[in-house]
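Have the sequence and the model open as you read.

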Amino acid sequence: MALITDAWMPDGRKRPYRMCVRCVMDTTDPDISFDEAGVCSHCRDFETVFRPHWKPTPEGWAEFEAKLAEIKAYGQGKEYDCIIGLSGGVDSSYLATKAVEWGLRPLVVHVDAGWNSELAVKNIEQIVSKLGLDLVTHVVDWEAMKDLQLAFLRSNVANQDIPQDHAFFAALYSYAIKADIRYVINGTNFATESILPQGWGYDAMDARHIVAIHKRFGTRPLRNFPLISLFNYYFYFPKIRKMEIVSPLNFIPYSKKEAIDHLENQYGWRYYGGKHYESRWTRFYQSYYLPQKFGYDKRKAHLASLIVTDQMTREEALAELEKPLVTDNELAEDKAFIAKKLGIGEAELDDFIRQPPRHYKDYPTNESQLKWLLRAYGLVSRAGRLIGIGRLR
């Protein structure tokens, strides 16, 4: 499979190709910069912005233990003391096992947006049955989901995971409200996802962006799709309902390899081959749509995160990048599956890929309002959402 050699730049500029001497991030990120030693801005940001909040240390564990005690005290007399979203992927599956080990009593929610791999479904069954947890599965209305995904394809923006990601979080928070659960435990972590260029996509929680793209390119009313407004996400949930996101994996030593070994050996869980590849759509989007249309290879960000957290050497990451994103047979299978699921032909799917890329700013967003809110609350946009113990934001 041939990939385009130059990454797409929103302003049409060309840059000499360059790769960081510490990690594997390169000029396919339109916003990357390098210091005199050749170290990229992502590596520098990790040290100054993220590392101070990444606490896989005894001090971090003591901080998290205090939060555990708070959650358990809150849950006394209640059926559940927290809620966890389970996708069947590494992070959420491992977190579910640790939550039980720590004595938490979570309600587990799985959101089926129509793209589950069979392996992801099996992994979820293995985890909840062996842990004895209650599982609620929310099935997103497929006709609404399909129409929105086709609208995003027609929009030609980079982040084609927005409809799926927004549905996951919107449904999860909705169940938390229904069950009157304050604490949302999630698998977000610095160890495996501290590096992700903002230029490669846009915030999945911007409902205005979603509605605007659907209004322009959708073909049916967006009635049955779960949406979270800016007001609810940044004010009602955290300030009125006092909901909190807790990200425990930022407070314990977390190794992706060790997590996979633990899940496979103890729970019969099976790895699916790539970060977020538990979704058939995400596998297609990350392994074909992004590199073919925009020149973005998200493996670089995932591997760079492992490098800066000392889980992988740069040489090992470079060797991984030499491997094909997807085999020809896998690509043919994915394209046939995606096209059939969306009710279009493979030729039409290919045509979406060939259309000129568009920037997310070509469509209405809440970005300016969000920046104002972040300044008002003194939050750091990306780090603030990953810190782990704090108000939902």
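## Charged pairs and their surroundings

R280 is buried, with a relative accessible area of 16% (buried means under 20%, exposed over 50% and partly exposed in between, using a 1.4 Å probe and protein chains only). Please keep in mind that this is a predicted model, where local features need pLDDT of at least 70, side-chain atom pairs count only at pLDDT 80 or more, and totals for chains, interfaces and linings use all residues. Residues are numbered from 1 along each chain as its sequence is written, and side-chain values use heavy atoms, with hydrogens and water left out.

What does R280 pair with? R280 forms a salt bridge with D334, and the closest N and O atoms are 3.5 Å apart. A salt bridge here is a side-chain nitrogen of Lys or Arg within 4 Å of a carboxyl oxygen of Asp or Glu. Because D334 lies in helix α14 (residues 328-342) and R280 in helix α11 (residues 280-293), the pair ties together parts that are 54 residues apart in sequence. Helices are DSSP runs of H or I with at least four residues, numbered from the N terminus. D334 is buried too, at 1% relative accessibility.

The structure holds 18 salt bridges. Three of them are set out here:

| Pair | N to O distance |
|---|---|
| E47 and R51 | 2.6 Å |
| E63 and K55 | 2.9 Å |
| D334 and R280 | 3.5 Å |

E47 is partly exposed at 32% relative accessible area, and R51 is partly exposed at 29%. In the next pair, E63 has 33% relative accessibility and counts as partly exposed, as does K55 with 25%.

## Two helices and the surface

Helix α12 (residues 299-308) and helix α13 (residues 314-321) have axes that come within 10 Å and cross at roughly 160°. The axes are lines fitted to C-alpha atoms over the stretch in contact, with angles from 0 to 180 degrees between N-to-C directions. That angle makes α12 roughly antiparallel to α13, a label for angles over 145 degrees.

I240 sits in helix α9 (residues 230-240) and is partly exposed at 49%.

How values were computed:
Parallel < 35°, antiparallel > 145°, perpendicular 65-115°, else oblique.
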